[in-house]
Structure formats: structure tokens, C-alpha cells
Amino acid sequence: MNLKKYYTHLGILSALGLIATLGVFLFARPSYLVAMTLLVLYFAIITALQHNIIAKALMKDPRDFIKIFFGVTVGILMLHLVVLFVYMYTHLQQAKLFTITFLIAYVVFTTFEVIELLALIRSQSKEKKDEQNNIQG
């Protein structure tokens, strides 16, 4: 499990997200929300936590991995719903723009996480296959 590489990629993605929010601030100021910058940080932290939990589960039994993966995914979706509802309830005027920004960030960070998890799963299965070949040969 190469977490350093993962955190580097996550840092680059987060930096690009922060640059995008800075671009919105500079070029489309009426559409800028401070929450946009906070959303990038929120998703970076949530994605890192999610990856750590799922990567540790991958090292264990595959049946546990599936349970933990779905449990973490459902838990994070519920957390996202709470964040959306709280923000929309407390900032009704900005709810539409916040929801669009939230959706974009969600899609970007979820796509990133899926790509990274697939790479991790492939490397794990390759290591197991190499290990089995060494035992047999």
C-alpha cells in the first residue's frame, strides 16, 4: 500500500480545486462562495479518511472488505446529505450555487477515489498472483 503516492495525487487534486475556486473568486466574483474553498478541504479530508479505512480493509479478508466498503460508502453519503441539508437550511439564498459546487466536488473526488482504489486492488491482486507463482514454482 503506497500511501505517499496516494496523498501526493490527492494533494495535487486538492490544489487544482483550490486554484479553481480562486479562479471563480477572481473572474466571477458574484458567484463565489467561501464555502467553495471549504468544500475542497472537506472532500480532501473525507476522501483521505475513506481511502485509509478501505485500504486497510483490503489487506484483510475480501468478505470483510465488501462489508466495510459498503458501510463506509453509505456512512459518507449520509454525512454528505447532512452537510447539504444543514447548509441549505442555514443559507437559503446560496443553496443552489452551493449544491452545484458540492455536486461537482463530489463527482471529481469520487472519480479520483474510484481510480485510486482500482489501482490499489489491481496491485494487490498482482502481488497475490506473484506470491502464488513463487510458492508453486
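1. Let's start with His51, which sits in helix H2 (helices are DSSP runs of H or I, at least four residues, numbered from the N terminus). His51 counts as buried at 3% relative accessibility, where buried means under 20% relative accessible area, exposed over 50%, and partly exposed in between, with a 1.4 Å probe and protein chains only. Setting aside neighbours within four places in sequence, His51 is in contact with Leu3, Tyr6, Glu113, Glu116, Leu117 and Leu120; contact here is heavy atoms within 4.5 Å.

2. A word on the basis. This is a predicted model, with local features needing pLDDT of at least 70 and side-chain atom pairs counting only at pLDDT 80 or more, while totals for chains, interfaces and linings use all residues. Residues are numbered from 1 along each chain as its sequence is written, and side-chain values use heavy atoms, leaving out hydrogens and water.

3. Staying in H2, have a look at Ile54. At 1% relative accessibility Ile54 is buried. Not counting residues up to four places away in sequence, Ile54 touches Phe65, Phe69, Val72 and Leu117. The Leu117 pairing spans 63 residues along the chain, yet the C-alpha atoms of Ile54 and Leu117 are separated by 8.4 Å. Leu117 also turns up among the contacts of His51.

4. Now the core. The largest nonpolar core has 29 residues, and Phe43, Phe98, Phe102 and Phe109 touch the most other members. (A nonpolar core is a set of buried Ala, Val, Leu, Ile, Met, Phe, Trp, Tyr and Cys residues joined through side-chain atoms within 4.5 Å.) H1, H2, H3 (62-90) and H4 (95-136) each put in at least two residues, with the largest share, 13 residues, coming from H2.

5. On to H1, residues 3-27. Its 25 residues reach 36 Å from first C-alpha to last, close to the 36 Å expected at 1.5 Å a residue; the expected span is 1.5 Å times one less than the number of residues. Buried along H1 are Tyr6, Leu10, Leu13, Ser14, Gly17 and Thr21. An α-helix has 3.6 residues a turn, so residues three or four places apart point the same way. Thr21 has a relative accessible area of 9% and touches Tyr32, Met36, Thr37 and Val40, not counting residues up to four places away in sequence.

6. C-alpha to C-alpha, Asp64 is 26 Å from Tyr106, and the two are 42 residues apart in sequence.

7. Leu18, Val34, Leu38 and Leu41 make a nonpolar surface patch of about 350 Å². Patches take residues with over 30% relative accessible area and no salt bridge, joining like charges within 9 Å and nonpolar side chains (Val, Leu, Ile, Met, Phe, Trp, Tyr) within 5 Å; a salt bridge is a side-chain nitrogen of Lys or Arg within 4 Å of a carboxyl oxygen of Asp or Glu. Areas are Shrake-Rupley with a 1.4 Å probe, and for residues only the protein chains shown count as cover. H2 (residues 34-58) gives the largest share of the patch, three residues. Leu38, in H2, is exposed at 52% relative accessible area.
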